[in-house]
Amino acid sequence: MLEELRRIAFRFQIDPQQTAGHTARLSSVITVLNNLNTSFLNFIEIEFLKNDKFRAAYEKSPKVLDGLKKELELLIVDLKFSSFEAAVASNIVEPPSLFTTDIDDWKRNAFSEFKKNILFGNFEEPQYMNQAIDKYSPEERNRIYKPLFTATSSDRPFKLFLIDAKGKKLNLRTPDKSFTDLYFPKKAKVKKEKTVYRFAKIYAKIGGKDASADLSKKDIKKVLLIEEMEHGTYPYSPDIIKYDEKLYVLHDKLNCEVNFENQAYVIAFQPLDICVWGTTREEAEAAFNFTFHALYQNFGLEQDEVLSNEAIILKNKLLTIVKAIK
């Protein structure tokens, strides 16, 4: 029985490029074995469900496919450790089977078809590629071919060879991008409609002991009045200012004025003489954060000896405002 499995097996070799004696990394072996098995089991499922009779049986009892895939999972039937050469076969010769004669006959052909038409296919030959595109949907091609192409991508630290019955090696490699784009067409991006936001002032009756900074939605007992605003000119009151990878944690929230003038949002903070603008509220806030960061880097970190009196005053204001930098 084992000899029969060795006879029908396909043989492959992992040839590492960056290890002593071309010994295979464990991670490389796991990647290749797992991807070959994934591709084959996906192929089995896809081909099984293309058969109307089998699909009807599956719809009555979905577990039939799980049992079939478990029975057909690839086995290592021969192994050479030099550059890791292995023979792999599906367990299709071991009786008895839990399935009908029809399925048993199909099983024997499925593994042969996978070897011939998938593993040893000429992925860059136009006729082969057109046949694959005609036979399998984009999702099915992705499930069958993607694991193979992933295992043989150019960034892998090894070469993967298939070895035919005559001992001839075939370099199994990922096709050029122009071909893989045809195997796996990119999904057309659905353009999302831009959400248009509106702004409003809300006057509400609130509970709790006081109107502290910890005010939350649960404290709102009754909404008294809602006034729609023409623009988002609600106050800008940050207690943390972030720019790039810097976080400025402030002692208290800044009370910045926000206005909409000449088709632009203007944010001003008089104590530091900051006045910035942007075509959107987000742009104006980003400009404010950058300006605050620049002021602190240029004045807050500078020695008094090189600063003018006005600059020292600005520095002291910044040091008073900023609690910590992360």
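Asp273 lies in the loop between strand S11 and strand S12 (274-278), where strands are DSSP runs of E with at least two residues and helices are runs of H or I with at least four, numbered from the N terminus. Its phi is near 55°, a positive value in a residue other than glycine. At 71% relative accessibility, Asp273 counts as exposed; the cut-offs here are under 20% relative accessible area for buried, over 50% for exposed, and partly exposed in between, with a 1.4 Å probe and protein chains only.

Before we go on, a word on what you are looking at: this is a predicted model, in which local features need pLDDT of at least 70, side-chain atom pairs count only at pLDDT 80 or more, and totals for chains, interfaces and linings use all residues. Residues are numbered from 1 along each chain as its sequence is written, and side-chain values use heavy atoms, with hydrogens and water left out.

Now step back along the chain to Asn262. This residue sits in the loop joining strand S10 (257-261) to strand S11 (264-269). Asn262 is not a glycine, yet has a positive phi of about 50°. With a relative accessible area of 78%, Asn262 is exposed. For background, most residues other than glycine have a negative phi.

Ile202, Ile206, Leu215, Ile220, Val223 and Ile226 make a nonpolar patch of about 520 Å². Such a patch joins nonpolar side chains (Val, Leu, Ile, Met, Phe, Trp, Tyr) within 5 Å, from residues with over 30% relative accessible area and no salt bridge. The areas come from the Shrake-Rupley method with a 1.4 Å probe, and for residues only the protein chains shown count as cover. Strand S6 (199-206) and strand S7 (220-229) each supply at least two residues of the patch, and S7 gives the most, with three. Leu215 lies in the loop between S6 and S7 and, at 44% relative accessibility, counts as partly exposed.

Next come the helices. Helix H2 (residues 26-50) packs with helix H7 (residues 138-151) at an angle of about 165°, their axes 8 Å apart. That makes the two helices, H2 and H7, roughly antiparallel, a label for angles over 145 degrees. The axes are lines fitted to C-alpha atoms over the stretch in contact, and angles run from 0 to 180 degrees between N-to-C directions.

Glu140 and Lys50 meet through their side chains in a salt bridge (3.3 Å, N to O), defined as a side-chain nitrogen of Lys or Arg within 4 Å of a carboxyl oxygen of Asp or Glu. Glu140 belongs to H7 and Lys50 to H2, so this pair ties together parts that are 90 residues apart in sequence. Lys50 is partly exposed, at 36% relative accessibility.

A search of the whole structure finds 13 salt bridges. Among them, Glu47 meets Lys135 (3.2 Å, N to O). Glu47 lies in helix H2 and Lys135 in helix H6 (residues 126-135), so the bridge ties together parts that are 88 residues apart in sequence. Glu47 is buried at 14% relative accessibility, whereas Lys135 is partly exposed at 42%.

Finally, look at Arg7 and Glu4, whose side chains form a salt bridge (2.7 Å, N to O). Because they are three residues apart in helix H1 (residues 2-8), about one helical turn separates them. Arg7 is exposed at 60% relative accessibility, and Glu4 is partly exposed at 30%.

Definitions and conventions: Patches are made of residues with over 30% relative accessible area and no salt bridge: like charges are joined within 9 Å, nonpolar side chains (Val, Leu, Ile, Met, Phe, Trp, Tyr) within 5 Å. Angles under 35 degrees count as roughly parallel, over 145 as roughly antiparallel, 65 to 115 as roughly perpendicular and the rest as oblique.
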